[in-house]
Amino acid sequence: MACRQCASDLDRPGDYCLVCRTRNADTVVLDLSRERATVTALLDDAVIARREVTTTPEAGERETTELRNFAGLIADDLQRKRPEEVYAVGDREVLSAVREQVHYPFYRVEGEDPVEAVVERRGEPALETVDRPPAAKLGGSHSTLIGGRAGRRAVETIAAHPHVKKLIPGPIDAGGSGSRSGVRAKATRADENGNVRMLLRDGSSVQENRVVTTAYDRETGERVRADLDEWLRDAGLRE
């Protein structure tokens, strides 16, 4: 395949052109299992490249290295494309390993055909993205967070989402029922403006944090909420 801008030869279809600095794929969809990954590149909703990466899962001491190498092959194909958006479905362990090696925000997608689901989702009005570090999105008069480092990690996980404008920590209610599951978090149902709340629990303490998103109604807010819950789940913090 040649670059659509300067016609230079590309090593693989859909690769970013290093000659004229042109993106030849705007979206990548990852369909992940523990043994196989399908990396599909899209441009203007058309499939322009599809590549499979496989591994033989190891056990014991070799598993960590094998999984890291598998994720590295997937990450390499993703980085070759330099897409605007990355969608993923499938094995969370593999997804977490890939996310450790790249710096793209990942959007979860559901459906038997993830590529078709992405194309349908992209037909909806695009949500504004917020390109600010998580710390710059924290605000409000309450600065205390429950849960120590795990609580801070939950808040930073939410604040890192590109469709989150601001996270405002709320007051702490210490009158709940006790829990032995450690620090847990979840995003609640979106309101009519598309904003959600993140409930943070640590033992009998509960903190309700307001999350202002770029969603514009309940439906698009639910889409963001689902993403936030997936991010918390991938971080091992989902209630």
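Colleague: Let us begin with Ala7: buried or exposed?
Modeller: Ala7 is exposed, at a relative accessible area of 52%. Buried means under 20% relative accessible area, exposed means over 50%, and partly exposed lies in between, with a 1.4 Å probe and protein chains only.

Colleague: What kind of model is this, and how are its residues numbered?
Modeller: This is a predicted model, in which local features need pLDDT of at least 70 and side-chain atom pairs count only at pLDDT 80 or more, while totals for chains, interfaces and linings use all residues. Residues are numbered from 1 along each chain as its sequence is written, and side-chain values use heavy atoms, with hydrogens and water left out.

Colleague: What is the average pLDDT of the protein?
Modeller: The average is 90, and 95% of the residues score at least 70. The pLDDT is the predictor's confidence in each residue, on a scale from 0 to 100.

Colleague: Which elements have the lowest and the highest mean pLDDT?
Modeller: Strand E5 has the lowest mean, 82, and strand E2 the highest, 97. Helices (H or I, at least four residues) and strands (E, at least two) are DSSP runs, numbered from the N terminus.

Colleague: Back to Ala7. Where is it, and what is its phi?
Modeller: Ala7 is placed in the segment before E1. Its phi is near 70°, a positive value in a residue other than glycine. Most residues other than glycine have a negative phi.

Colleague: What about Asp44: where is it found, and what is its phi?
Modeller: Asp44 is found in the loop between E2 and E3, and its phi, near 55°, is positive as well. Asp44 counts as exposed, at 61% relative accessibility.

Colleague: And Thr22, buried or exposed?
Modeller: Thr22 counts as buried because its relative accessibility is 11%. Thr22 also has its place in the segment before E1. Leaving aside neighbours within four places in sequence, Thr22 is in contact (heavy atoms within 4.5 Å) with Cys3, Arg4, Gln5, Tyr16 and Cys17.

Colleague: Now the five-stranded sheet. What is its strand order?
Modeller: The order is E3-E2-E1-E4-E5, in an open sheet with mixed pairing. Two strands pair if DSSP finds at least two bridges between them.

Colleague: Which strands stand at the edges?
Modeller: Strands E3 (46-54) and E5 (106-108) do; each has a single partner strand, so one side of each is left without a neighbour in the sheet. On average, neighbouring strands of this sheet are turned by 25° against each other, direction ignored.

Colleague: How many bridges join E1 and E4?
Modeller: Six bridges join E1 (residues 27-32) to E4 (residues 85-90), in the parallel sense. Thr27 has Glu85 as its bridge partner in E4, and Asp31 stands opposite Val89. E4 and E5 also run parallel, joined by three bridges, with Tyr87 opposite Tyr107.

Colleague: Which strands does helix H2 lie across?
Modeller: Helix H2 (residues 92-99) lies across E1, E4 and E5, and runs at about 160° to E5. Helix H3 (residues 114-122) packs on the sheet too, touching E1, E2 (36-43), E3, E4 and E5, and its direction makes about 145° with that of E1. Axes are lines fitted to C-alpha atoms, for helices over the stretch in contact, and angles run from 0 to 180 degrees between N-to-C directions.

Colleague: How do the axes of H2 and H5 cross?
Modeller: They cross at roughly 90° and come within 10 Å, H5 being residues 218-234. The two helices are therefore roughly perpendicular; angles from 65 to 115 degrees count as such, under 35 as roughly parallel, over 145 as roughly antiparallel and the rest as oblique.

Colleague: Which residues meet there?
Modeller: Arg92, Leu95, Ser96 and Arg99 in H2 meet Glu230, Trp231, Arg233 and Asp234 in H5.

Colleague: One more residue in H5: is Thr220 buried or exposed?
Modeller: Thr220, which is found in H5, counts as buried, at 6% relative accessibility. Apart from neighbours within four places in sequence, Thr220 is in contact with Leu127 and Ala215. The C-alpha atoms of Thr220 and Leu127 are separated by 8.4 Å, with the two 93 residues apart along the chain.

Colleague: Finally, what do E9 and E10 form?
Modeller: They form a hairpin with two residues between them, and Gly203 in the turn has a positive phi of about 65°. E9 (residues 196-202) pairs with E10 (residues 205-213) in the antiparallel sense over seven bridges, and Arg201 stands opposite Val206.
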